[in-house]
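Good morning, and thank you for coming.

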Amino acid sequence: MAVNPSIHCTPPLSRSISPRLPVAFCNRVSSLPAFLTEAPIQRIVLVRSQMPSSEDFGHMRSVAESDSHVGSLGASASSAINFLTLCNRLKTTKRKGWINHGIKGAESIADHMYRMALMALIAGDLPGVNRERCIKIAIVHDIAEAIVGDITPSDGVPKQEKSRREQAALNEMCEVLGGGIRAEEIQELWAEYENNASLEARLVKDFDKVEMILQALEYELEHGKVLDEFFLSTAGKFQTEIGKSWAAEIISRRNSRLASKRQ
């Protein structure tokens, strides 16, 4: 990912830029005093659409470090775009559980998190539960998978090791973001979910399972498969009344479908 520190004069890009300024004006700017021509920070960042390489990660970190002074105001433009480019992997990485079952056109990690966020949005109000925080947790709970990928039980990675890898990846991503308040918030939300440390975290963990079995039911209908594994692995593991209620509705619909097929 290249950074070009030079600023060039170019023809107007729209009508909002006056076409009456003489081209020679650009050539005279360099002769003006420095305090009239130097901006505090001026960069043009060229962002490629390809997946970031290890070299790109190094550059992202160096840009983040140089922009750390703006952390209190949020990410700089360059750090924000670097972070969002990295998060593109969440849109393109397919959920491995579906791949392992031969599902073509399987959902991505971002697809999964998006519907979880919608669940948090439409859920009824619960005493002591901050719905906005639930939405935020849903958006970031799998964010480290942009680097480590979707690690499933079938991969044989111990839970503690999986958590260590994801924490290291999250630290890397927050460096790319440039640190500061927003990076700290992402770290806090992720840790809260990982440790099942609040009512909001427990509700979002239920949404994680609900979204998975709903997707399993949809793939059964679409592909004519039987995906018992996903229903068995979540049975009895819901922690909230909403989670239990929504899961029961999905299972009821599945059982009705299976019963009609036997007739």
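Which helices each supply at least two residues of the lining of the largest pocket? Before I answer, please note that this is a predicted model. The helices in question are helix 5 (96-100), helix 9 (159-177), helix 10 (180-194), helix 11 (199-223) and helix 12 (228-234).

Let us stay with that pocket. The space inside the largest pocket comes to about 1200 Å³. Its lining consists of 31 residues, and those closest to the centre are I151, T152, P153, K162 and D208. Sorted by class, the lining of the largest pocket holds 13 charged, 11 polar and seven nonpolar residues.

I turn next to a pair of helices. Helix 6, residues 109-122, packs against helix 7, residues 131-140, at an angle of about 175 degrees, and their axes are 8 Å apart. Angles over 145 degrees count as roughly antiparallel, so helix 6 is roughly antiparallel to helix 7. On the side of helix 6, the residues that meet helix 7 are M113, M116, A117, A120 and L121. Their counterparts in helix 7 are R131, C134, I135, A138 and I139. Of the residues in this contact between helix 6 and helix 7, nine are nonpolar, one is charged and none is polar.

Finally, a point about the backbone. Most residues other than glycine have a negative phi. N196 is not a glycine, yet its phi is positive, at about 50 degrees. N196 is placed in the loop between helix 10 and helix 11. Is N196 buried or partly exposed? Its relative accessibility is 25%, so N196 counts as partly exposed.

Note on methods: Residues are numbered from 1 along each chain as its sequence is written. This is a predicted model: local features need pLDDT of at least 70, side-chain atom pairs count only at pLDDT 80 or more; totals for chains, interfaces and linings use all residues. Side-chain values use heavy atoms; hydrogens and water are left out. Axes are lines fitted to C-alpha atoms, for helices over the stretch in contact, and angles run from 0 to 180 degrees between N-to-C directions. Helices (H or I, at least four residues) and strands (E, at least two) are DSSP runs, numbered from the N terminus. Angles under 35 degrees count as roughly parallel, over 145 as roughly antiparallel, 65 to 115 as roughly perpendicular and the rest as oblique. Contact means heavy atoms within 4.5 Å. Ala, Val, Leu, Ile, Met, Phe, Trp, Tyr, Cys and Pro count as nonpolar, Asp, Glu, Lys and Arg as charged, and the others, Gly among them, as polar. On a 1 Å grid over the protein atoms alone, a cavity is a set of points where a 1.4 Å probe fits but cannot get out, and a pocket is an open set with protein on both sides within 12 Å along at least five of seven lines; lining residues have an atom within 4 Å of a point. Grid points are joined across faces, edges and corners, and a volume is the space filled by probe spheres set on the points. Buried means under 20% relative accessible area, exposed over 50%, partly exposed in between (1.4 Å probe, protein chains only).
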